[in-house]
Structures are given as C-alpha cells and as structure tokens.
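I opened my notebook to look up a pocket, some aromatic rings and a few charges. Here is what I looked at.

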Amino acid sequence: MSVLTRDEAQTRAQFLDVHRYTIDLDLTAGEETFDSLTVIRFTTAEAGDTFVELKPDTLRSISLDGHPLDPADLVENRFPLTALTAGPHELRIDAAMRYSRTGEGMHRFTDPTDGETYVYTQLFMEDVQRVFAAFDQPDLKSVFALTVTAPEGWTVLGNGIADHHDDGHWTLAPTPLISTYLVAVAAGPWHSVTTEHAGLPFGIHCRRSLAPHLDADADEILDITRACFDRFHEKFDEPYPFDSYDQAFVPEFNAGAMENPGLVTFRDEFVYRSAVTDTERQTRGMVIAHEMAHMWFGDLVTLAWWDDIWLNESFAEYMGYQTLAEATRFTDTWVDFGVARKGWGYDADQRPSTHPVAPDPAAVPDTASALLNFDGISYAKGASALRQLVAWLGEKDFLAGINTHFARHKFANATLADFIDNLASATDRDVHAWADAWLRTTGVDTLTSRIQETDTTWALAVDHRGSRPHRIAVGAYDHAPDQLTTPGTHTGPDRLTLRDRIEIDVPGNGTPTTLPGRRPALVVLNDHDLAYTKVRLDTTSWDTVLHRLSGIPDALTRAVIWNTARDMVRDGELAPTTYLDVARTHLPHETDLALVQGVLAFAGTHITGHYLTPEKRPAALATLTALCRDLIRRTEDGHNPGLRLIAVRHLIDAATQPDTIQDWLTNGTVPGGPEIDPELRWRILTRLAVLGATDETHIAAELEQDPSATGQEGAARCRAALPTPEAKAAAWHALFNDDTLSNYLFTATAQGFWQPEQTDLVSDYVPRFYPEAARLAARRGPAIAEAAGRHAFPAYAVDSDNLHLGEQALADTDLTPALRRKLIDQIDDLRRALAVRDAH
C-alpha cells in the first residue's frame, strides 16, 4: 500500500477544493463484503494530475465527469486522475469493500451471546479508504452526505441525525465541513437510551446483550455527558457545532474511544457487566469528557497534518481531566492522572523512540510515521505541558487564547504556529519561547531538593537537570503535633501536616529560598503535581517518606511521592524490594483507590515480572499476597468495596498456590464478599491455568456458562496459559499462522501465552517470535502489528539472549513501522530491566 506523504498532501491541498461526498453504503450484501457507491464533487485550481485513494475488495466501476475510467488502473490504494482541466469535476466510484475483523475500516462483529451482528467504522488515519473512496487527508475538509441500507431491525447511527425510510434505508443528515477520518457509521440492532439536552438529541447505544448493564449506568453516563457539555459551553464561546450527540459502545474497539463528530464510539468494556471501582467509573467519565472536548479541538478545528496530532490529543486529555473535576462528583481526577497516565508519558519520553510533543515536520513525513506518535508523549506529556502552561499563563488568558483559536479556524484547519499565535494574542507573556522550551524538546527534567538549616531558618535550593522552565509548588510538612505528644493514639504511620506551600520558578535566580523555623520533616518539590518532571527528595525527606508516606494528608502529594519511588526503581536508584516494602507498609492505610491500584499494578507487573530475578519472584509475590490480605481484612466492615475489589483482583494475580482462589471460584464468593462475578471468574481461571490447576474441561464448562464475547476472550486467554506443550503449540498457531483471530481474541491469546512460571516450556518460542511477528505484521496490518508487539512480545524473558535477538530483529529494514516502534520500546524496557537487576 502507498502511504501518503506530507509533500503529496500539501501539493494536493493546493490543487483541490473538495465540496461534497455523497456516499451510499449497502450493508445487506453478505457477511464478507458491503457495497460502497461514492460521488465526489471537487474543483481543481488548475490543469494537472492527482489521485484518489481506496482499498476495495472489487472495484466495479469508476467514472470522471461521466466518462468511464479503467478499474485496472488502480495501483495498490491509489487511482490516478490524469489530465484534469481546471474547474469543477464529479468522480463516481462503485466498489465492494471488505469487512474487517481487526477494528479497522468497517468492523463486523457477531455477538456469541445472541447471534446478533453489528458493524461500525473506525476510519482514522488511512482506514476511510477501506469504506469509501476519498481524497484522504485532514486538510481537505468536505460535506459528507450518507445513505445506508441495512437489514430490517437494525438502527443506523452516524455523524448527523438519521432518518429511517422503508426497506431498511436510512439517510444521515449532511455534515458540516469535516475531515475524512471523522466520518462515522454504526449499524446493528442497538439497544438505545435517548434523551434531549440543550435542544439537541442525545443517545447512548450498545449491543442488545449488554442492555441491562447499560440501563443500570445510563443515568450516570448521561449525567456526566450533560454536565461536561454545559461546562464546555461555559469555557468556550463557540457553541457545540453538530446537530446531535450520540455515544455508541461498540465491540472489539482498538482504542479507548474515537471522537467522530456527533457519534463518539467507545470500547464497550465501558459498559460494565461486572463490579468495578469508583476509579474505573471516573476513568469512563474522563473518556466521555475527553471525547467531547474533541468536538471543538479536533473536529471543529482540525490539524492540517499529522505532526500536530498533539493539538488534538493533549488538549482533549487536559480538558478531559480538568472538566470532569470541575463538573462532576469526580473531583480528584488529577490523582489518577498522576499515578496512571503520567508514568506513561515519563516512560515514553526516556526511550529511544521519544519525540517532541510537537515534532519537527520533517520527523512526520508520511502517514505511517504519524501513526507511531499516538503515545504517552502526545497524550500524557502534552496534557502535563498544557497544565503547566495554565499554571504559568493563568486560566483566564489560556481560555481567551483558545476561544480566539476556535473563532479564527472553525470548520477549517490549523497548525502549531496558529495555536501559539492565538495564545500569544491573549497575554503579554512570551508564549513562543515557552512553546520552544516545552513542545520542541524531548526528555524528562529532574528537580532535586537541597536543604540547609540554621537554628531559626531553613533554606531550599533546587538542582535542575534539564532545560525547561517550571512553575512548581513546594510543600513543607511537619509531624502532626498530637503525635509528637501522644504517640500511639492513631491508626497507621504518623500523620504529617502541611506547614506551608510556596510557589517558585525553576530555574530561579540562583538564590536559595529562605524560610523561618526549623527545617520541615518533609519537603516535596512539585507538590500538587503541576509540572512534568522527575523529583528527587533530600535525605531527611526521603527517610520521612519511608516511614510516614501514608500520613501525608493530600492524595495528589502522595501521587508525586509514589511516582518518585517508581522513577527511582526504573532508574536503578531504589531497590525493587524496597518499593515492595514501602507498599507493604503504607498501602494498607491508603484511602485513594487510584493510588492503591496504580502501586499494585506497577508492583505486580513491572517489579515481580521484570525487575526481580526469577529467584526473587516467589518472595515478592508472597509480599503482594500478604499486602492484599491486609487490604481485605481492612475492608471486612463493607465500607470500602472498591478497595476490597482491587485487593481481591491482585491477590488472584499474585497467587502461587491454587487452594484459596479455587475455593473462591467453587463457592462463588470471597468470604465477606465480593461475589465472584464473570470478570473475577475468568481472572481466577486464568491464574489456575498458569499454575496448572485447571484444564480444558473446566475452561469449556466456564465458557458454556458465559458464552459472551468477554467469555470467548477469557477462554482464549486461559487456553493459551495452560502449561502443556500442546496448549502452547495451539496458541502459537492461532496467533501467527491462522490469521482468523479478531483483534480482541488475538490480544487475549497473546496475554495468556507468556508466563514467568512457564519459562522452560516457552523458551523455544522466544527466537521464533521475531521473524514470525514480522511476517504477521506484513500480512495483517497495523492493528495486529501493534497488538503483536505489545502483547505477544516475550517480555518475561529478561535476559541477554532475548535482548540480542531483539536488537538483531531491529536491523531488518522491512519491518512494518507499527511493529518496529513497539519492538524499539519493548527492547528498551528489556534493557532497562536488565540494568535494574544488575544494580540490585
């Protein structure tokens, strides 16, 4: 397939003005293909040549201005349009297009629960070409008018209000000017909950088999939607720019969600069929807010080329967390961001694949390279940079600049230069210099505190390793007075109280900040986490943290400390076992669910799975098990079911003996709760499979009890995890040779395959992974390539042999870009894990 280059896009944008797409889709043609008839009306500025893109199963006919062209002229995904005269033209393309099972283009899914079929589009980057012919680049916006023929009993959703006619025919209201990648259709026998807000129709939709679960949460989802919608209208001068707002929870979706104007699509795991924590509900709320922010930043005003993808994602990430905190009951969103998202950015920014938030245009020469930048830098680091910008600029001036941006570029395209100019118009501060320092650079700065004290004062100096300016808060904490006089009268480690919080600029003028009184017990740089930087504490403060971390009064401050400990482990400065000891001491007293989940996730995945040698793994799992038992005992009174659920999940994952979790599965409950719902049943069965304590008979029986799509994935994961040569051979064949697994079943099988407890059984597959993954990626495309690199990589094999094999694989110049990027990151993580092991 030919990828579009930036130069080609710029040339075509100057040559063409695209007015309207009229698209007719027929979804009744069969299970493998659908019919796509497209009429494109466009004008050329002068005489010349260009091309249109499409990826048909069969190109039946194509005509230009009524004159037939030869379908055989299609080369890969490009059809040449030659000798065009200046002026208006009409291009008509009739094709059969193939349904996808990988979440790209028009994805088709049949629900194993009830046999109902659903289809939906995901047209991002280049996948519109899988559905209809297009001049496929973001700065050739157009009006899109779609009609859809669907089976009787189906509902069709799209970017605009849908009208149902006879015989399964649907007409979607023409869109305003939008980019090709934002067109959306979702069709099937949806279960829908509809309402109206601010004069617009609102709807939420899911598969029929999930209807009871959507209904249970419909009020919460719609309340969050309405609250965020109203809050955005308080922030933005430009009103919501589309005629309706539908949110469809769709099966086997590759991303968290997609910001199609008027029809946001979400992965339907957000329709919870098992118990979840309040933090998980907050995450769903954040994604709702994130995608709604895109209606303005991304859909109303769209990037001109993919080097500015951060303008979409960083803005929506920042606004998602901030607006959810302002408009809903989820007021502590930045704690979850700090512990769950920020580490994603820090990790990405320290790998060889790092890039600036706003990369140089030369670094994004084509669409294949652009796809690689949807990472922790474009999301988490970019959102952190915007949060720092707001702290430095002030929210009033920030929003004034944003509203100028919307006014100047609505229904059009804009660049980084436009964005910075519009911000600069609202302030006297040097926004251009700020952008150069924050958006055009790579890597993570480090701030280290140095404390000097006298009998009556203490002074703070900050060592700054890096190049960016930071506006940070510094928190000074003392031991709580009552605990200095009456020790033992409280529960848990000694509490700390905030003495003072000051704001400073780094770098400053070189003069330490002097404050009255004796030095505090704890000095925290970047208190409240407004900057994007690593933090290192002075020796006295670190000693206080080891003994009193859970006594720090503010969860956001504790998030900064836990991230510091995480960074220190990754940098080889803190022994992984010490991190586990700190978790064992302090998590039983932690009140914030996001912190508990984030710490246990890092401990259970990175520390026990990568940073500790196999000989140390059993003791580490025993520590995690003991910690989870402490949390379960703490929640016996039933007052914190979310904390108890987190502890039960992680105890299952850390189990080294099957008896306890087998009893839970047999009895259908954990003593004192929770009940073992489908998510927990599959979780237990997966761990029993790893431990060799179940078999195919039990997996098949569980699948008969839960034949849902999630059950199918659970069974695939369990079967791949069974510790037998036959199970591993079957899973490997399904992953790398069969090519029939959907994207979700591929991921589930890959997740089950590699297990640290099964080193000898799977060691022969490690050298096979690299060449077979390369061939798979070339055959099945970017989505499966990314899944193979993420989930099928032998990350458990932390050894020099695997590292050498990976480095050799990267020498292959024919690797698909999506797989190459994942391998670069995985191999760097492998190299880091080896360094951590060597250091301790």
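Entry 1: I sorted the lining of the second largest pocket by class and got 13 nonpolar, seven polar and six charged residues. I keep in mind that the model is predicted. For the volume of this second largest pocket I noted about 430 Å³. Which residues are closest to its centre? Of the 26 lining residues, they are Pro614, Pro756, Glu757, Thr759 and Tyr796. I then looked up the elements that give two or more residues to this lining: α15 (593-611), α16 (617-634), α25 (766-780) and α27 (800-810).

**Entry 2: aromatic pairs.** I searched the whole structure and found 50 aromatic pairs. I picked out Trp732 and Phe736, whose ring centres are 4.3 Å apart. Their planes meet at 40°, so I wrote the pair down as tilted. The cut-offs matter here: stacked needs planes under 30 degrees apart, and edge-to-face needs over 60.

Where do Trp732 and Phe736 sit in the chain? Both belong to helix α22 (residues 725-738). They are four residues apart there, so about one helical turn separates them.

**Entry 3: charges over rings.** I looked up Arg12 and found its charged end over the ring of Phe51, 4.6 Å from the ring centre. I also noted Arg468, which lies over the face of Trp438. Its distance from that ring centre is 5.5 Å.

Notes: Residues numbered from 1 in each chain as written. Predicted model: local features only at pLDDT ≥ 70, side-chain atom pairs only at ≥ 80, totals over all residues. Heavy atoms only, no water. 1 Å grid on protein atoms, 1.4 Å probe; cavity = no way out; pocket = protein on both sides within 12 Å on 5 of 7 lines; lining within 4 Å. Points joined across faces, edges and corners; volume = space filled by probe spheres on them. Nonpolar A, V, L, I, M, F, W, Y, C, P; charged D, E, K, R; others polar. Phe/Tyr/Trp six-rings, centres within 6.5 Å; stacked < 30°, edge-to-face > 60°. Lys NZ or Arg CZ within 6 Å of the ring centre and 35° of its normal.
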